[in-house]
Amino acid sequence: MFINSLKTKLIIFYLFLIIFVIFIKVGDLNLIQLPQLYALEALSDEKDISRIKMAFTSKSREYGVINYDNAVWDDTYHYVDNKNSQFTESNFVLDTYKSLGINGIHIYDKQTVTIWQQAWNITDWSPLTFPPFDQPSTFVKKHILISEELIIKNNNKPVSRVGFTLLDDKLILFAATSIFKANLTGNANGTMLFWRFFDEQVLTDLQQRAGIKFTIEVIQPNLKNTVKLTSKNSFIKNSYRTKKDEIFDIIPLITNNGAIKFTYQAPIRQFATSWLNHATIVSSTLLLLTLGVLFIFFHYFIIRPILQADNMVTAIIKDNDHSIRFASKRKDELGTLFNLIDRLLDGVESNEQQLISHNVRLQHISQTDSLTKIPNRRAFDTTMKKLLQVSPLGLDVAILVVDVDYFKKYNDCYGHAQGDKTLYAIAQTLRKNLHEDTDFVARYGGEEFVVVLKNTDKKSAQAVANNLVNIIADLKISHQDSDITDIVTISIGIHAFVISGQTQYMPLFELADQALYQAKEQGRNRAITTD
Ligand SMILES: Nc1nc2c(ncn2[C@@H]2O[C@H](COP(=O)(O)OP(=O)(O)OP(=O)(O)O)[C@@H](O)[C@H]2O)c(=O)[nH]1
């Protein structure tokens with residue numbers, strides 16, 4: 001099956017490896033690295049937020065200090081009592097406002113009634129009236145001006161209120177301090193107020209103090225003080241940054257009637273938050289390249305040789321060809337395995353060759369007569385069948401049946417062992433005097449032999465047979481008991497025929513045998529051909 005393939009298993013292993021690496025990478029990023037980086041970022045953002053808040057605080061405190069210096073001053077204290085305009089005319093000239101950077105100065109008595117007030121438009125330094133301070137509203141009286149109760153609560157010491165407030169929908173920076181003598185003796189006898197609209201200059205000043213460019217807007221006070229948003233990443237809980245990468249926070253107005261919300265663009269994030277970032281792509285590409293190289297390595301050095309071996313063994317089994325060899329030059333375990341298979345094939349091949357030679361010997365034995373060492377009757381049977389099957393039509397063939405004359409008497413006279421020797425001598429003589437390529441001789445049985453002559457007509461067959469009769473006679477093997485002579489002789493019956501589609505050889509043999517009978521009848525030691 002496909003899944004059983006080594007290559008498939010390797011690919012599946014790689015897929016698991018890649019998923020595992022991505023899993024580790026994502027886990028490491030989300031559970032270890034990002035929380036730390038976000039925490040560091042939040043710490044840095046927190047510092048920026050407090051720098052902005054500090055800018056607001058320092059700006060209002062600066063106003064408070066200037067205001068305090070003017071409120072806790074004997075001249076101011078006496079002015080509240082005597083209202084001598086020389087004091088205000090000499091001290092609060094236009095340049096005073098310009099240098100202090102304020103819109104207005106207001107002096108109130110203990111009952112928070114305006115004693116003196118003056119305000120200017122900072123843009124063109126034209127006179128300005130700002131009703132909430134001119135005729136102080138209940139709100140101003142309560143939240144900005146210093147009441148007697150506050151001073152009593154402060155052990156009869158000067159009280160200052162500094163900060164930002166919202167009046168008539170306008171954001172204002174103010175500083176109010178109770179008017180005291182410079183040596184802080186006696187009671188307070190009023191409130192001195194410095195104020196300024198929160199305009200572009202104030203914003204620029206604050207931005208410079210904080211070193212951050214931010215914008216502001218006035219909002220309802222009921223928003224949370226510090227806004228920590230949940231980041232897009234579900235693993236990271238805290239970040240000050242909004243989805244638009246802005247940071248904002250709230251500065252509540254001291255008068256509790258609103259709040260300043262400042263917003264600024266967060267510094268560019270110094271780390272990647274998605275797992276699909278440059279580093280991941282580079283490392284994933286490197287991983288894939290490494291896996292690719294490993295795959296090629298496995299494929300070329302392990303899988304491919306195994307597949308080649310598979311093909312070779314399949315071919316060996318299919319073609320039953322045991323001569324194929326791996327002849328591997330590899331020095332590794334696969335090389336050892338292939339060499340072992342080669343040795344196994346060596347063994348199989350040598351056994352096979354032994355078997356073949358044994359079979360050849362067996363074949364030879366089964367086709368050879370043990371006494372005369374010439375082909376036997378089985379070989380004659382095979383030869384004749386093959387001859388009738390494969391010979392071309394019209395081929396002349398002759399069958400000669402050879403029989404030793406008076407051989408019973410020979411045996412009786414010389415003994416059976418001598419009879420065997422004589423049979424051997426006759427067989428070998430017949431064999432030697434026939435053409436090895438075209439003629440065939442076999443022992444048919446007993447003292448009877450059969451000769452097959454190919455490409456030989458009747459006349460030639462007669463000549464060959466006569467020659468054989470003479471050659472055996474020429475051996476001059478003595479046979480005292482022969483009725484016709486005193487040497488061993490043979491008789492031959494001949495049947496010559498033409499190949500014409502015969503399928504059985506026995507009728508042909510029997511004709512030759514009948515001719516032999518005639519040769520015996522006519523006195524033996526001769527060859528007779530059928531008519
Ligand atoms: N020594 C020996 N004798 C054999 C062998 N095979 C057959 N014979 C003998 O051959 C003789 C054949 O005798 P017969 O068939 O009577 O024929 P014959 O004596 O040769 O007389 P004709 O054929 O008529 O000339 C028998 O006595 C067999 O025993 C053999 O392998 N060795």
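**Close-ups of a predicted model**

**View 1. Ser-328 and its contacts.** Setting aside neighbours within four places in sequence, Ser-328 is in contact (heavy atoms within 4.5 Å) with Gly-335, Phe-338, Asn-339 and Asp-342. A quick note first: this is a predicted model, where local features need pLDDT of at least 70, side-chain atom pairs count only at pLDDT 80 or more, and totals for chains, interfaces and linings use all residues. Residues are numbered from 1 along each chain as its sequence is written, and side-chain values use heavy atoms, leaving out hydrogens and water. You'll find Ser-328 in the loop between helix 9 (278-319) and helix 10 (333-367); helices here are DSSP runs of H or I with at least four residues, and strands are E runs of at least two, numbered from the N terminus. Ser-328 counts as buried (under 20% relative accessible area, with a 1.4 Å probe and protein chains only) because its value is 19%.

**View 2. The largest pocket.** This pocket has a volume of about 270 Å³. Closest to its centre, out of 14 lining residues, are Thr-383, Lys-386, Leu-387, Phe-440 and Lys-454. On a 1 Å grid over the protein atoms alone, a pocket is an open set of points with protein on both sides within 12 Å along at least five of seven lines, and lining residues have an atom within 4 Å of a point. Volume is the space filled by probe spheres set on the points, which are joined across faces, edges and corners. Helix 11 gives the most to the lining, with six residues.

Note on methods
Buried < 20%, exposed > 50% of the residue type's maximum accessible area, 1.4 Å probe, protein only. 1 Å grid on protein atoms, 1.4 Å probe; cavity = no way out; pocket = protein on both sides within 12 Å on 5 of 7 lines; lining within 4 Å.
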